[in-house]
Amino acid sequence: MMRARIFVAAAATFALAACGANNDPLSNDTDKGGASNAPSTITVGSANFAESELLAEIYSQALEAKGVQVKRQFNIGARELYLKALQDGSIDLLPEYNGALLSALATGGAPQGVSSPDDVLAALKKVLPSGTEVLDQSAAEDKDTLTVTQETATKYTLKTIDDLKPVAGKLSIGAGPEWQERYQGLKGLDQLYGVKFKTFKPLDAGGPLTLSALLKGQIDVGNIFSTDSAIKKNNLVVLDDPKNLYLAENVLPLIRSEANNPTVSGALNAVSAKLTTDNLTTYLAKVQLDKQDTAVVAKAFLADNGLA
Amino acid sequence: MITYLSNNGDAVLAALRQHIALALIPVLIGFVLALPIGYLGVRFPWLYHPLVNTCGMLYSIPSLALFVFLPVLLGTKILSPLNIVVALTIYTVALLARTVADGLKSVDPLVVQSATAMGYRRLRRLTDVELPVALPVILAGLRVATVANISLVSVGALIGVGGLGQLFTRGFQLFYVEPILVGIILSVLLAAAADLVIVLLGRLVTPWTRFQGAAS
Amino acid sequence: MNLSYLLDPAHWDLADGSIPRLILSHLWYVLLALLIGTAIALPVGLWIGHTGRGSFLAINAGNAGRSLPTLGLLMLMVTLLGLGLAPVLIALTVLVIPPVLTSAYAGIRTLDHRVVDAAKGVGMRPWQVLTKVELPMALPVLMSGFRSATLQVVATATVAAAVGLNGLGRLLIDGLAVNDYSRVLAGAIVVAVLAVVLDLVFALAQRWVVSPGLTERSSK
């Protein structure tokens, strides 16, 4: 009697767990079909900031419109982390920025004298990890910037990153934690401009944490993305980058070669053909300011551009 | 919040489903593993203190660190949900092994002696007498482990796999309160539901505790 | 996996972001949260245990508090309040309250009621019964609740770094962001050691504050 009850209880517990698991959330660990064919499902990843997630969603929906099965694995983390996920096959595709990717992959930062979008793309193709490739790049650019408030700019007469050199020892900078080790971060600022900040605050990648810290004066300089509508809204000053620490930063898809096929590249290249800095900024503002859902905004983007 | 839910119903549901699986599968595996381990801590008394200390140690490893290291140790992919499952299983065992040991230790020696006198062998005595008597203590531990797991899963969102935790990171990246609130509320409701299920199951399998309660 | 980050002397100076500084900020979060959490939970737990009123609350507050996901709470608080100490303290205090409240309540409820009756019988006032009899006798149970709260808070305080704050979580989050596993390992080890050391300190404190008359009995 007693044991029968325990058995029933145990069975019920298993049933409970099973109904939680019926869609098999563990499925992305299983083998993805035959190794020779392109996988039937493409896993799309994204970095941990709003624009990357929006672009990843646009890619996903564009692929779905062409009948490709998509699994979304967004919000993974910084480049240092998601590149590993791409290499170990956890994800197949994600939106990238040509210059930042080049800077991350080329030892010692991007090669000298490379700055136009085409130069960057050519240089990037030489250093891509084996088994990965990039597709057509778009005209849309989103650069990392060093941004200050109007007040700070006036106080220290700041126009370019060069102007920071004499005063940086008094200032603090906020950016994603990955900036500590990146060439396009503290290292490059020091090596290229001789700019060394008093303190570094690890916050987020061009996100609201950095923005709010900048606006509240908890940091003096923030890493804000050039497509962020908050720059205009808050009258922030983006410091020029005369030495091209931040190269051309065109949006482009980075994909595992084995996941690529004509349908996939066709769909993604069509997206890249339509993406511009202006429309990216506009649609991103719908996510960042109007708090519209990424999926809704992505859908609108594709519909407005005749892509789906 | 209603608008958020109606626009994102599918994503929220998928996150919830993943959350349930990631939190509860470790509870089941952990429970099964903790029973023999806890028993060993009672059967061999010199094992009890090392066991308790090891469990405390394991529990003080930050979950994020465990999520990050398991791929290195197990050779799994870095975004594999398996990493979360294994990590939470470790925590569950750490919590429950001690509870099982304490539960078995709390069984009145007179009860054990009576059972022995009635002719129970060690294994039968364990399954038919000691375990049922220890069950209320063990179930209390199971409740704690389940609720703790449900809350811990969301940390996985920091590495891209975290059930409802994804709603936290998404909201946080936009300074947008709605998704965070939805995530917290669903997580708490899920914990309450799981807790209730265990309590009800507990009543079902330990009917005698109710009579005792009524008598005192 | 290697220990190079942990063993590098450069990470043990007193510069900003060094391991000792991170330990200090971590400890600061933990101790403040323990202090505030105990200041809230202890009186409430004792009162419920003493009067027997609101036991339902005491038992269920425990599990409800435990079920609040710390990461979500922290992100919510930072979104609402901005960067600062307050969001961390709120999120961690919520973690401290349940075990302390529940153990304070349980410590008193499980006392032999004959002892309490005897105390009343010799003419003690309710306040004296609580502070001279119930509280000292409940201390072992109370301390075990406090110690489990400590273990949990030490491990969980690492999430503060996920929202741009300090503490040993910096080693985990930054290590992850810059792909430096040796740093993540250093963080995990230091956190675990810190938890064990704090537990040891409180274990000693427990031996010191708990009446010897009780420890003999509790070895039953």
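**Reading the contacts**

Modeller: Let us start within chain A: 18 residues of domain 1 of chain A are in contact with 13 residues of domain 2 of chain A. Two residues are in contact if their C-beta atoms, placed from the backbone, lie within 7 Å. This is a predicted model, in which local features need pLDDT of at least 70 and side-chain atom pairs count only at pLDDT 80 or more, while totals for chains, interfaces and linings use all residues. Residues are numbered from 1 along each chain as its sequence is written, and chains are lettered from A and ligands numbered from 1 in the order in which they are written.

Biologist: Where do the domain bounds of chain A lie?

Modeller: Such bounds come from an automatic or database domain assignment. For chain A it gives domain 1 as 42–142 + 248–304 and domain 2 as 144–238. The centres of the two domains of chain A, taken over C-alpha atoms, are separated by 25 Å.

Biologist: Which residues of H3(A) are buried?

Modeller: A residue is buried if 20 or more other C-beta atoms lie within 10 Å of its own, with C-beta atoms placed from the backbone. In H3(A), Arg79(A), Leu81(A), Tyr82(A), Leu83(A), Ala85(A) and Leu86(A) are buried. Just after H3(A), Gly89(A) takes a positive phi of about 85 degrees.

Biologist: How many residues of chain C are in contact with chain B?

Modeller: Chain C brings 31 residues against 34 residues of chain B. Helix H9 (181–209) of chain C is among the elements on that side, and H9(C) gives the most, with nine residues. By class, the side of chain C that touches chain B has 22 nonpolar, seven polar and two charged residues. Ala, Val, Leu, Ile, Met, Phe, Trp, Tyr, Cys and Pro count as nonpolar, Asp, Glu, Lys and Arg as charged, and the others, Gly among them, as polar.

Biologist: How many residues does the contact take from chain C and from chain A?

Modeller: That contact takes 12 residues from chain C and 19 residues from chain A. The side of chain C that touches chain A divides into six nonpolar, three polar and three charged residues.

Conventions:
Helices (H or I, at least four residues) and strands (E, at least two) are DSSP runs, numbered from the N terminus. A residue is buried if 20 or more other C-beta atoms lie within 10 Å of its own, exposed if 12 or fewer, and partly exposed in between; C-beta atoms are placed from the backbone.
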